[in-house]
Amino acid sequence: MSDVIVIGGGLAGLASSVALAQAGVTVTLLESRPRLGGRASSLEDSATGELIDNCQHVAMGCCTNFRHFCRVTGLEAAFRQERELFFVAPPTVTTGDRPHVCRFSAMPLPAPLHLAAAFLRLSYLSWREKLTLARGLKALAREQPKAARHKNFGDWLAEQRQPANVIERFWLVVLVSALSESLNRVSVDAAKKVFVDGFLANRHGWEVRLPTVPLDELYSGQLTRWLTSHGVEVRLKSGVERLALENDRVAAVELRSGERLSAQQFVLAVPQHRVCSFLPDAWHDKPPFNRLDQLQTAPIASVHLWFDRPITELPHAVLVGRLSQWMFNRSRAEGKEARSERAQPNYFQVIISNAREVAERSQLEVIAEVVSELKAVWPEAASAVLLHSRMIVEHKAVFSPLPGSDELRPVQQSPMANLQLAGDWTQTGWPATMEGAVRSGFLAAENIVRVLGREVSLLQPDLPVSWLTRWWLG
Ligand SMILES: Cc1cc2nc3c(=O)[nH]c(=O)nc-3n(C[C@H](O)[C@H](O)[C@H](O)COP(=O)(O)OP(=O)(O)OC[C@H]3O[C@@H](n4cnc5c(N)ncnc54)[C@H](O)[C@@H]3O)c2cc1C
């Protein structure tokens with residue numbers, strides 16, 4: 001019998017298992033699917049036979065816990081850091097025949113000055129708009145947390161008199177890809193988190209890291225080997241049916257197969273809308289479980305395109321003012337050696353966050369619109385033949401950070417003494433991200449290690465706030 005049973009092999013369950021194994025606790029990890037990674041995983045494309053990610057996953061420099069998790073498990077070598085970001089100007093702003101590409105990179109200056117030149121290079125905003133934007137960023141960073149939690153960001157932008165162009169071409173572009181929601185469905189607090197942690201606090205916060213291998217290779221491959229070599233029993237295709245409770249404690253888990261497994265402590269690391277299905281009816285009306293179905297969710301769509309030739313040499317692009325939001329050149333995602341053996345030639349992924357409207361439309365129509373946008377941006381694409389395409393919509397991709405939504409998110413310690421909750425939807429201080437999921441896993445593990453008689457701090461500190469930012473914000 002293991003000390004701890006972790007239910008769910010997404011990043012929250014994986015982070016719990018890693019942290020507990022490092023603390024010398026024995027763990028059994030139960031995952032219902034045949035692979036690990038949860039919402040950050042791959043699937044086999046039946047037409048090409050290749051493993052493709054359900055969606056490109058991006059980590060940022062401010063994701064200190066996700067980075068720590070990758071460092072201790074040896075996954076970090078499978079990530080590449082982008083030195084610059086490429087913003088493609090909206091369709092109406094052109095330089096010559098092609099939409100202008102603005103290169104966004106940091107200067108060797110302390111935050112927040114490190115990105116000043118990058119903002120100034122955004123040619124599709126006027127000088128006046130850039131000044132208004134700078135004023136808006138400062139006001140946002142100074143917002144008091146309590147007020148910020150209950151106000152929506154769309155209203156806040158109107159109060160701050162941010163012009164429509166700045167909203168469409170800057171605030172929306174950043175927030176929709178970070179939070180996958182429209183501006184009226186985002187709290188000021190959540191928006192503040194994205195801009196302060198990502199752009200203002202520390203010069204490394206904005207740095208983008210991309211996996212160079214399919215997510216499945218990271219989690220079902222390398223990480224599984226790490227877990228097994230550290231004594232974690234990983235059981236795939238082991239769906240849990242319910243938790244068996246005795247005197248308000250979890251006594252065992254019952255698997256769909258009928259098997260019953262006991263442990264001292266349990267971590268329930270499944271999506272929030274699944275939690276109540278594991279509990280007896282009597283618990284559904286008790287806090288925090290009675291509030292979980294009020295956490296709303298937002299969809300993300302990924303369009304996967306295979307062409308007969310390269311359409312651009314750029315590794316990625318942020319497409320401003322279009323249906324397509326991010327383009328990832330997956331043929332260039334992998335290293336040189338990997339490219340010859342495994343990389344899929346001329347494979348591109350286009351991401352559409354806050355994809356409610358897209359989810360209502362036909363795949364063919366969305367793919368046609370995305371391809372025509374790519375052809376308008378990159379003339380090379382005009383002569384390229386689309387060999388194969390598909391769209392994947394994750395309907396409950398992330399929870400919506402609506403004003404007040406933080407109050408619906410429970411802490412990891414559940415009302416049952418030996419049950420921890422973990423998942424990006426629990427109280428982490430972060431939106432639904434890999435960082436949020438890993439934080440929740442570390443916090444759950446921290447609680448368990450404490451119960452077992454040791455005080456440890458597993459949560460990693462945030463990047464330090466630069467002296468200049470502290471002075472600038474007073
Ligand atoms: C399309 C998409 C794009 C995203 N892009 C990004 C990004 O670029 N950057 C970023 O940081 N984040 C991104 N995210 C968010 C990120 O993927 C999630 O926040 C994170 O993966 C959530 O991890 P989790 O462990 O909390 O939940 P999940 O990944 O949902 O894990 C829950 C696990 O529980 C398992 N499970 C469920 N029921 C049972 C059962 N009965 N028995 C056993 N196991 C069970 C599930 O199979 C799953 O593996 C994206 C998410 C999506 C969907």
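I took helices (H or I, at least four residues) and strands (E, at least two) as DSSP runs, numbered from the N terminus. Axes are lines fitted to C-alpha atoms, for helices over the stretch in contact, and angles run from 0 to 180 degrees between N-to-C directions.

The model is predicted: local features need pLDDT of at least 70, side-chain atom pairs count only at pLDDT 80 or more, and totals for chains, interfaces and linings use all residues. Residues are numbered from 1 along each chain as its sequence is written, and side-chain values use heavy atoms, with hydrogens and water left out.

Entry on helix packing. I looked up helix 4 (residues 127-141) against helix 8 (residues 188-200) and found an angle of about 110 degrees, with the axes 9 Å apart. Helix 4 is therefore roughly perpendicular to helix 8 (the term covers 65 to 115 degrees). On the helix 4 side, Leu 137, Leu 140 and Ala 141 make the contact (heavy atoms within 4.5 Å). Helix 8 contributes Val 188, Ala 191, Lys 192, Phe 195, Val 196 and Leu 200.

Entry on the ligand. Of the 35 residues around the ligand, I noted Glu 31, Arg 39, His 57, Val 58 and Asp 424 as coming nearest (around it: a heavy atom within 4 Å). A polar backbone atom of Arg 39 is 2.7 Å from a ligand oxygen atom. For Val 240, a backbone N or O atom lies 2.9 Å from a ligand nitrogen atom.

Entry on the backbone. I found a cis peptide bond between Ala 111 and Pro 112, with omega about 5 degrees. Pro 112 lies in the loop between strand 10 (101-104) and helix 3 (116-120). Lys 237 is not a glycine, yet has a positive phi of about 45 degrees.

Notes. Angles under 35 degrees count as roughly parallel, over 145 as roughly antiparallel, 65 to 115 as roughly perpendicular and the rest as oblique. A polar contact is a pair of N or O atoms within 3.5 Å; within protein, one must be able to donate a hydrogen and the other to accept it, and residues adjacent in sequence count only if both atoms are side-chain atoms.
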